[in-house]
Every structure is written in structure tokens, then in C-alpha cells.
Amino acid sequence: MRPTLSWTPDEDLPPGTTDLGPVADALGAGGVLVLTGAGISTESGIPDYRGQGGSLSRHTPMTYQDFTGSARARRRYWARSHLGWRTFGRARPNAGHRAVAAFARHGLLSGVITQNVDGLHQAAGSDGVVELHGSLDRVVCLSCGTYSPRRELARRLEEANPGFEPVAAGINPDGDADLTDEQVGDFRVMPCAHCGGILKPDVVFFGEAVPPPRVEHCRALVGEAVSLLVLGSSLTVMSGLRFVRQAAQAGTPVLIINRDPTRGDRNALTRVALPLGAALTALTARLGIPADDQERSD
Ligand SMILES: [Zn+2]
């Protein structure tokens with residue numbers, strides 16, 4: 001579940017460090033399971049919910065209950081998300097995403113789990129990424145269960161809403177642009193092309209459970225990992241935090257790189273408080289992974 005959005009750091013949390021040594025050691029040992037959050041995508045121009053310039057103060061994410069319970073909420077969601085999709089389509093992976101892909105290519109990782117729905121790990125060349133909260137790339141019909149590509153729906157929405165060109169006040173990590181009700185206007189929502197049912201992005205909304213088989217898959221990955229490396233997540237929501245707790249309970253070292261304190265700090269061996277792109281680039285250098293190896297060649 002992702003219902004809790006508020007978390008205030010306790011004053012007695014261990015402080016962050018700038019020493020990347022323990023993270024380099026863990027990567028050098030191999031078998032690292034990486035868990036990433038919105039913080040790894042901020043350098044690609046997708047703002048985090050919280051932290052500096054965080055969008056949470058002005059943005060209330062759509063909940064599953066709102067979405068399924070109200071046609072008006074769905075109109076609002078799809079108008080905003082349609083606009084946000086254009087921005088996400090332009091986002092490119094950054095040095096952090098490329099470093100994670102390079103670690104994997106060099107056999108240092110046992111897996112990658114991301115809480116992000118932006119597809120940037122895959123764009124950077126990471127394979128087999130577990131998308132814990134789904135992906136904006138896909139759409140699912142709530143009636144017949146058919147999955148279809150988002151770009152197909154985007155095309156239908158373009159056709160149904162000619163001249164829809166509002167200027168958003170901002171964009172959020174769930175692909176939701178900030179629009180006023182006036183800007184949403186009479187935006188036309190598209191039904192499922194097969195059965196006329198309600199279409200939903202294949203992402204886990206706040207208030208919605210992560211599909212149990214996906215959770216079990218992640219639990220198995222945590223169980224097999226030599227260490228767990230959290231990148232750019234405040235671990236505010238239980239969907240990610242539970243894996244940190246699982247690892248800690250099993251005695252598996254947890255290492256975190258996140259500028260701000262996280263809800264998992266108490267379970268971690270260390271929290272490095274550095275910008276992710278710079279930290280991960282420094283780690284690739286330290287591990288002798290050449291910089292020119294960080295771009296996907298195919
Ligand atoms: Zn359908």
C-alpha cells in the first residue's frame with residue numbers, strides 16, 4: 001500500500017556521510033540488489049515529491065479510490081497525465097541511471113527494483129528491472145484486463161482533444177502535470193477500445209496495493225541479495241521500506257545514497273548524503289568501470 005505520504009525525520013536519526021567507501025566495498029563484493037526511487041530521476045528533470053523543490057506541497061497524488069469512484073476525477077487525471085506524458089517522453093536517463101546499468105553489465109548487481117514509473121532505467125540499458133509501482137508506458141482496462149501501449153491511448157486522446165495545449169505549472173514523478181480545473185475543461189477521456197471499460201495507467205496509485213506476485217518476486221530478490229543499495233528514495237511508503245526491513249532483519253547490509261534522511265536510515269549501515277549522479281559516477285571511477293562503457297552501444 002502507498003497510503004502514507006507524510007513522514008517527519010526523527011531528530012535522533014544517524015547523520016548522513018559523504019564517505020562512499022562502504023558502498024564501493026559492497027559493489028566490489030557483488031550481489032548487490034539496487035532499489036531506486038524518484039531521487040534518481042530528478043537530474044533528468046522529473047521532480048521528487050519531497051526534498052528540495054519537492055512537488056508534494058502543491059500536488060496531491062491521485063488515489064485509487066478517487067480514480068475508480070469518480071468520472072470527474074478520471075477526466076482530471078487523464079487531462080493532466082496526458083500532458084505529463086509529453087514531458088516524460090522527452091526525459092532522458094542521467095548519469096545515475098547509466099551508472100546502475102554499468103554496474104549490472106559488470107556483474108556487480110543481483111537485480112534492480114525501481115519505485116519509478118518513468119522507464120529511465122530501461123532507457124539507460126538496464127535489463128530485467130522490476131517496476132514495483134508499474135509503468136506509465138502501459139494502460140490496463142479495469143473491466144476486461146487488456147493491457148495496451150500508452151502511446152496508442154495518447155494518439156486517441158490527441159485525436160479526441162484537438163487543440164489541448166495548456167501550460168502546466170509543474171510535473172510530478174507519477175507523470176501528473178499540474179493543471180487547474182479550468183485548464184482541464186471538458187477534456188474527453190477514452191474508454192477501452194475492446195470493451196468500452198475504464199482505462200487506468202498500469203501504475204500503482206496511492207491507496208492501491210502492489211500486486212502480490214510482484215511483492216513476492218521482490219522479497220525473493222531481497223532474500224538472495226548480498227547487500228541492498230537504496231538510491232534516491234526517502235522510503236516514506238511501505239512498498240519500498242518493507243524490503244529494507246526484510247534485509248535488515250536477515251542481517252543483509254543496507255546502504256543508502258540519498259541527500260535527505262530516510263525512513264530506512266535506522267536499518268542502514270550507512271547513508272551517503274550526496275547528489276546521485278555525482279556519487280554514482282564517482283563509484284564507477286573507483287571501481288574501474290570506464291566512463292565510455294556507460295552508454296549503451298546497441
Ligand atoms: Zn476492456
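Student: What is the bridge partner of Arg-138 in β5?

Tutor: Arg-138 has Pro-149 as its bridge partner there. Keep in mind that we're looking at a predicted model.

Student: What makes β4 and strand β5 count as paired?

Tutor: Two strands pair if there are at least two bridges between them. β4 and strand β5 (residues 147-149) have three bridges, in the antiparallel sense, so by the cut-off of at least two they are paired. Their hairpin has five residues between the strands, and Gly-145 takes a positive phi near 80° in it.

Student: Why is β4 called largely enclosed?

Tutor: Because six of the eight residues of β4 are buried. For β6, five of the five residues are buried, so β6 is also described as largely enclosed by the rest of the structure.

Student: Cys-141 came up just now. Which protein donors does the zinc ion have?

Tutor: The SG atoms of Cys-141, Cys-144, Cys-192 and Cys-195, lying 2.3 Å from the zinc ion. The cut-off for a donor here is within 2.8 Å of the metal, so at 2.3 Å these atoms qualify.

Student: Why is the arrangement called tetrahedral?

Tutor: Four donors count as tetrahedral if all angles lie between 85 and 135 degrees. Around the zinc ion the angles are 102 to 115°, so the arrangement is tetrahedral.

Student: How are the donor residues of the zinc ion spaced in sequence?

Tutor: The spacing is C-x2-C-x47-C-x2-C. Distant parts of the chain are linked this way: Cys-141 is in strand β4 (residues 134-141), and Cys-192, 51 residues apart from it, is in the loop between α7 (181-184) and β6 (199-203).

Student: Are Cys-141 and Cys-192 buried or exposed?

Tutor: Buried means under 20% relative accessible area. Cys-141 has 2% relative accessibility, so it counts as buried. Cys-192, with a relative accessible area of 5%, is buried as well.

Student: And why is Cys-195 called partly exposed?

Tutor: Because its relative accessible area is 41%, which falls in between the cut-offs of 20% for buried and 50% for exposed. Cys-195 is found in the loop between α7 and β6. Not counting residues up to four places away in sequence, Cys-195 touches Cys-141, Ser-143 and Cys-144.

Student: Now a helix. How do you know that the span of α3 is close to the expected one?

Tutor: Helix α3 (residues 71-90) has 20 residues, and 1.5 Å a residue gives an expected 28 Å. From the first C-alpha to the last, α3 reaches 29 Å, close to that value.

Student: What do the buried residues of α3 pack against?

Tutor: They pack against α2 (64-69), β4, α6 (150-160), α7 and β6. Among the buried residues of α3 are Tyr-77, Trp-78, Trp-85 and Phe-88.

Student: Why is Asn-116 called buried?

Tutor: Its relative accessibility is 7%, so it counts as buried, being under 20%. Asn-116 sits in the loop between β2 (109-114) and α5 (120-123). Its side chain reaches the backbone oxygen of Gly-37 at 3.0 Å, and the backbone nitrogen of Ala-38 at 3.0 Å.

Student: Last one. Why are β3 and β9 called edge strands?

Tutor: The open sheet has six strands in the order β3-β2-β1-β7-β8-β9, with parallel pairing. β3 (130-131) and β9 (270-272) are the edge strands: each pairs on one side only. Elsewhere in the sheet, five bridges join strand β1 (residues 32-36) to strand β7 (residues 227-231), with Val-34 opposite Leu-229.

Terms used
Residues are numbered from 1 along each chain as its sequence is written. This is a predicted model: local features need pLDDT of at least 70, side-chain atom pairs count only at pLDDT 80 or more; totals for chains, interfaces and linings use all residues. Side-chain values use heavy atoms; hydrogens and water are left out. Donors are N, O and S atoms within 2.8 Å of the metal (3.2 Å for Na, K and Ca); water is not among the atoms, so sites may look incomplete. Four donors count as tetrahedral if all angles lie between 85 and 135 degrees; four count as square planar and six as octahedral if opposite donors are over 155 degrees apart and all others between 65 and 115; anything else is irregular. Helices (H or I, at least four residues) and strands (E, at least two) are DSSP runs, numbered from the N terminus. Buried means under 20% relative accessible area, exposed over 50%, partly exposed in between (1.4 Å probe, protein chains only). The expected span of a helix is 1.5 Å times one less than its number of residues. Contact means heavy atoms within 4.5 Å. A polar contact is a pair of N or O atoms within 3.5 Å; within protein, one must be able to donate a hydrogen and the other to accept it, and residues adjacent in sequence count only if both atoms are side-chain atoms.
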